[in-house]
Amino acid sequence: MKDTIKRLQADSKIQPVDIIDGPIGKGERYIHSQDVKLLEKLESEDWVPRVSLLSPFDNLICDRTRTKLLFNFDYTTEIYTPRQKRKYGYYVLPILHGDKLIGRLDPFMDRRKGKLLIKAVHAERKAPTEESVAVEIRDTVEQLSEFLGAKEVEFSSKVPRHWRSQLR
């Protein structure tokens, strides 16, 4: 590992960064050289958080232990879990807002009816409650709907109270 890190640094593929504080502790870590500008942009006032829906297989959450450590987000894919034992749903998409995982969304595409049904939306304990966040979630679901070719989106009543006005 040490030889590989030295080679990647010598080839300017990675650069060391010093972590001052965080869930994985202090110390030197490495960042891909192409991502240095992104890191600098995050530290500037140009960065605006946005909402994204993540696949259950997204690299951000595929290492469940790391995800729990970094984001305090306990995620389990429930596709193979019997229906009565599922906590969140069949194919739940984590909701990323900026650099925080704020919730989960359980979508179902009814191809026969051309409808994207959102069976449930779950907010994490410290999720933002602002209406603007709910609007962003709604807009992101609309983008998913367009991608899937749905003619309409329908939200069930299983939506957190503070987001309900925008997610119906």
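**Exercise 1. Which residues have the most contacts inside the largest nonpolar core?**

Start with the ground rules. This is a predicted model, in which local features need pLDDT of at least 70, side-chain atom pairs count only at pLDDT 80 or more, and totals for chains, interfaces and linings use all residues. Residues are numbered from 1 along each chain as its sequence is written, and side-chain values use heavy atoms, with hydrogens and water left out.

Step 1. A nonpolar core is a set of buried Ala, Val, Leu, Ile, Met, Phe, Trp, Tyr and Cys residues joined through side-chain atoms within 4.5 Å. Buried means under 20% relative accessible area, exposed over 50%, and partly exposed in between (1.4 Å probe, protein chains only).

Step 2. Read off the residues. The largest nonpolar core has 20 residues, and Leu105, Ile118, Val121, Ile137, Val141, Phe155 and Trp163 have the most contacts inside it.

Step 3. Helix 4 supplies the largest share, 4 residues. Helices (H or I, at least four residues) and strands (E, at least two) are DSSP runs, numbered from the N terminus.

Step 4. Follow one member. Leaving aside neighbours within four places in sequence, Phe155 is in contact (heavy atoms within 4.5 Å) with Ile118, Val121, Val141, Leu167 and Arg168.

Step 5. Look for another core. Apart from the largest one lies a core of 7 residues, among them Ile61, Tyr75, Leu96 and Leu101.

**Exercise 2. Describe the aromatic pair.**

Step 1. Recall the two values. A pair of aromatic rings is described by the distance of the centres and the angle of the planes.

Step 2. Apply the cut-offs. Rings of Phe, Tyr and Trp (its six-membered ring) pair if their centres lie within 6.5 Å; planes under 30 degrees apart count as stacked, over 60 as edge-to-face and the rest as tilted.

Step 3. Search. The whole structure holds 1 aromatic pair. Phe73 and Tyr75 form this stacked pair, at 6.2 Å centre to centre with 10° between the planes.

Step 4. Check burial. Phe73 and Tyr75 are both buried.

**Exercise 3. Is Thr140 buried or exposed?**

Step 1. Locate the residue. Thr140 sits in helix 4 (residues 131-148).

Step 2. Decide. Thr140 is buried, because its relative accessible area is 11%.

Step 3. List the partners. Beyond its neighbours within four places in sequence, Thr140 touches Val51, Ser52 and Leu53.

**Exercise 4. Describe the lining of the second largest pocket.**

Step 1. Name the central residues. Of 22 lining residues, Tyr90, Tyr91, Asp106, Pro107 and Phe108 lie nearest the centre of this pocket. A pocket is an open set of points on a 1 Å grid over the protein atoms alone, where a 1.4 Å probe fits, with protein on both sides within 12 Å along at least five of seven lines; lining residues have an atom within 4 Å of a point.

Step 2. Find the elements. Strand 5 (100-110), strand 6 (115-123) and helix 4 each give two or more residues to the lining of the second largest pocket.

**Exercise 5. Sum up the chain.**

Step 1. Count the elements. The protein chain has 4 helices and 7 strands. Their order is α-β-β-α-β-α-β-β-β-α-β.

Step 2. The C-alpha atoms fill a box of roughly 55 × 40 × 30 Å along the principal axes.

Step 3. Of the 168 residues, 32% are buried.
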